[in-house]
Amino acid sequence: MNTPIRLYMSMSLDGYIAGPDDRSGQELGRNGGRLFNWLDDRESDGPSGQVYREALATGALISGRRTFELARRWQGDHHDGVPIFVLTHHADDGDVPPGHARFVTDVVDCARQARTAAGDRAVMVHGAGAAQALLRAGQLDEMEIHLVPVLLGGGRRLFDHLGSDHIELDLVRRLDDRDVTHLRYRVRQPEEAA
């Protein structure tokens, strides 16, 4: 796999990526900021610093539309000017995203464009909707889950609307750090799962 498409997502032990009532002005929902305490160690030489540096070394970003809007469109630059491909059901002609962002309505085309743009670097994925669409289309190669030892009890789940297809994963890396376990999984393709 030359250019992996890799989900990066902080998640509670009960599967939530945001607390209840995530919206503009409260983007992570109530108590959802707890999922990102590990970023306090992002400048360290430890596992969280390593994972953070790897994320910022990605060559393109695929985001779901909701995530893009809640993040205030990142003002057109998520990190280092990499292209941002916003996976959306519909794009209005007059709605031109800022900076390095563009809307894409077809999931396979979005994955192809992002891989091309990233070159030999990984593609970062943000957002539950984008992750689920890429998984259903067989385009998500890896998942980097930052598992946080908390039960949020409600909010937005990462895999709520994935569907009933069986998907096998292989754990390829586990890094333990203060207040988080970074888990990287390779997504098996259907022909491998047999």
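1. Strand 4 (residues 84–87) runs parallel to strand 5, and four bridges join them; strands here are DSSP E runs of at least two residues, helices are H or I runs of at least four, both numbered from the N terminus, and a pair needs at least two DSSP bridges. Within this pairing, F85 has R102 of strand 5 as its bridge partner.

2. A word on the basis: this is a predicted model, with local features needing pLDDT of at least 70 and side-chain atom pairs pLDDT 80 or more, while totals for chains, interfaces and linings use all residues. Numbering starts from 1 along each chain as its sequence is written, and side-chain values use heavy atoms, without hydrogens and water.

3. The open sheet has eight strands, ordered 5-4-3-6-1-7-10-9, with mixed pairing. Strand 5 (101–104) and strand 9 (169–177) are the edges; each has a single partner strand, so one side of each lacks a neighbour in the sheet.

4. Helix 1 packs on this sheet and touches strands 1, 6, 7, 9 and 10 (contact: heavy atoms within 4.5 Å). Its direction makes about 125° with that of strand 9 (axes are lines fitted to C-alpha atoms, for helices over the stretch in contact; angles run from 0 to 180 degrees between N-to-C directions).

5. Which element gives the largest share of the lining of the largest pocket? Helix 4 does, with six residues.
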